[in-house]
Amino acid sequence: MEIIVTDLTKFANEEIVCTAGIERGSNECIRPMPYLKRNFCEAKKILPGSVIYFDGNFDKSLNSKPHVENCQYIGDVKNLGPCSSEKFRQILTNTDSQSVEKGFSEKITEGEKHFPVDSPPPSCSIITLSINPSKIRVHRNTFSAKKLQAWFFDLKGKKFSKISVTDLGLRIYFEKYGDKGIRTINDFLKGQEQIFIRLGLGQKWKSPNGQEGYWMQLNGIYTFPQFLKEARSY
């Protein structure tokens with residue numbers, strides 16, 4: 001199986017990363033399990049847009065909503081190199097859900113950023129959304145200054161605020177440059193003609209105020225025609 005990597009996200013555990021991508025030909029989203037080691041991804045130069053080949057069998061029999069993308073695999077993992085910018089853009093265009101509710105196939109209360117555990121689970125846990133470049137910004141996490149959050153409007157005009165940014169490249173860039181890096185990222189976003197995000201749902205989690213469910217996180221921000229090169233390299 002070959003996938004084009006669309007998600008490369010940071011964990012609290014620095015030794016591993018979460019990867020996901022779109023299978024060539026089917027446009028199916030795949031999240032390979034077990035998680036890849038971060039040092040392996042760095043050594044193999046695995047980045048968003050990389051074409052990854054998995055030599056072995058996949059098993060989705062243990063899946064349950066919303067994490068239907070999970071694929072247990074046994075075998076070697078090879079990086080076949082980057083796809084073209086045009087191909088990457090086309091993959092994102094082909095999988096664009098236009099709105100959060102359409103992508104996850106569930107209603108969400110205005111101002112919320114999670115799907116409650118006692119409601120019907122979303123149909124999937126990762127979606128692609130096209131975003132107006134003037135309708136997305138990143139900022140420091142409200143409660144943890146070392147982390148990054150974002151707000152954005154989807155194309156239906158619904159606003160989502162204080163969404164955790166787990167995009168590995170942007171997090172590394174922010175950790176290196178701090179507030180200057182935030183300003184650079186936001187200025188860069190405003191100057192692009194098209195933006196796609198990959199919006200994911202984490203594992204079931206209960207917040208300190210007792211809310212339990214699947215919380216949204218921003219797995220990737222992809223800009224066209226240019227990209228912030230330092231945030232897309234090791």
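Modeller: What follows takes each feature in turn, for a model that is predicted.

Biologist: Let us begin with a single residue. Is Ser 50 buried or exposed?

Modeller: Burial is judged from relative accessible area, and anything under 20% counts as buried. Ser 50 has a value of 4%, so this residue is buried. As for its place in the fold, Ser 50 belongs to strand β5, which covers residues 50-59.

Biologist: Which residues does Ser 50 touch, leaving aside those up to four places away in sequence?

Modeller: Its contacts are Ile 3, Ile 4, Val 5, Lys 45, Asn 79, Gly 81 and Pro 82. One of these, Ile 4, is 46 residues apart from Ser 50 along the chain, yet the two C-alpha atoms are separated by 5.6 Å.

Biologist: Which residues line the second largest cavity, and which elements give two or more of them?

Modeller: Its lining consists of Ile 3, Val 5, Thr 19, Pro 32, Leu 36, Ile 46, Ile 52 and Phe 54. Strands are to be looked for here: β1 (2-10) and β5 each give two or more residues. By class, the lining has seven nonpolar residues, one polar and no charged. Ile 3 and Val 5 were also named as contacts of Ser 50.

Biologist: And what lines the largest cavity?

Modeller: The lining is made by Leu 8, Leu 47, Pro 48, Asp 167, Leu 168, Gly 169, Ile 172, Ala 231, Arg 232, Ser 233 and Tyr 234. Helix α4 (residues 168-190) contributes the largest share, three residues. The classes here are seven nonpolar, two polar and two charged.

Biologist: What does the second largest pocket look like in the same terms?

Modeller: Its volume is about 480 Å³. Among its 26 lining residues, Pro 48, Phe 88, Tyr 222, Phe 227 and Arg 232 are the closest to the centre. At least two lining residues each are supplied by β6, α2 (85-94), α4 and β14. There are 16 nonpolar, eight polar and two charged residues in this lining. Pro 48 and Arg 232 also line the largest cavity.

Biologist: Aromatic rings come next. How many aromatic pairs does the structure hold?

Modeller: There are twelve. In the pair of Phe 58 and Tyr 73, the centres are 6.1 Å apart and the planes make 35 degrees, a tilted arrangement. The partners are 15 residues apart and link distant parts of the chain, with Phe 58 in strand β5 and Tyr 73 in strand β6 (residues 70-82). Phe 58 is partly exposed at 23%, whereas Tyr 73, at 14%, is buried.

Biologist: Why is the pair of Phe 152 and Phe 160 called stacked?

Modeller: Planes under 30 degrees apart count as stacked. These two rings have planes at 25 degrees and centres 5.4 Å apart, so the pair meets that description. Phe 152 is buried at 0%, and Phe 160 is buried at 1%.

Biologist: Which residues form the aromatic cluster?

Modeller: One such cluster is formed by Phe 88, Phe 196, Tyr 222 and Phe 224.

Biologist: Lastly, where do lysines sit over rings?

Modeller: The charged end of Lys 135 is over the ring of Phe 153, 5.3 Å from its centre. Lys 159 lies over the face of Trp 151, 5.1 Å from the ring centre.

Methods: Residues numbered from 1 in each chain as written. Predicted model: local features only at pLDDT ≥ 70, side-chain atom pairs only at ≥ 80, totals over all residues. Heavy atoms only, no water. Helix = DSSP H or I, 4+ residues; strand = E, 2+ residues; numbered from the N terminus. Buried < 20%, exposed > 50% of the residue type's maximum accessible area, 1.4 Å probe, protein only. Contact = heavy atoms within 4.5 Å. 1 Å grid on protein atoms, 1.4 Å probe; cavity = no way out; pocket = protein on both sides within 12 Å on 5 of 7 lines; lining within 4 Å. Nonpolar A, V, L, I, M, F, W, Y, C, P; charged D, E, K, R; others polar. Phe/Tyr/Trp six-rings, centres within 6.5 Å; stacked < 30°, edge-to-face > 60°. Lys NZ or Arg CZ within 6 Å of the ring centre and 35° of its normal. Points joined across faces, edges and corners; volume = space filled by probe spheres on them.
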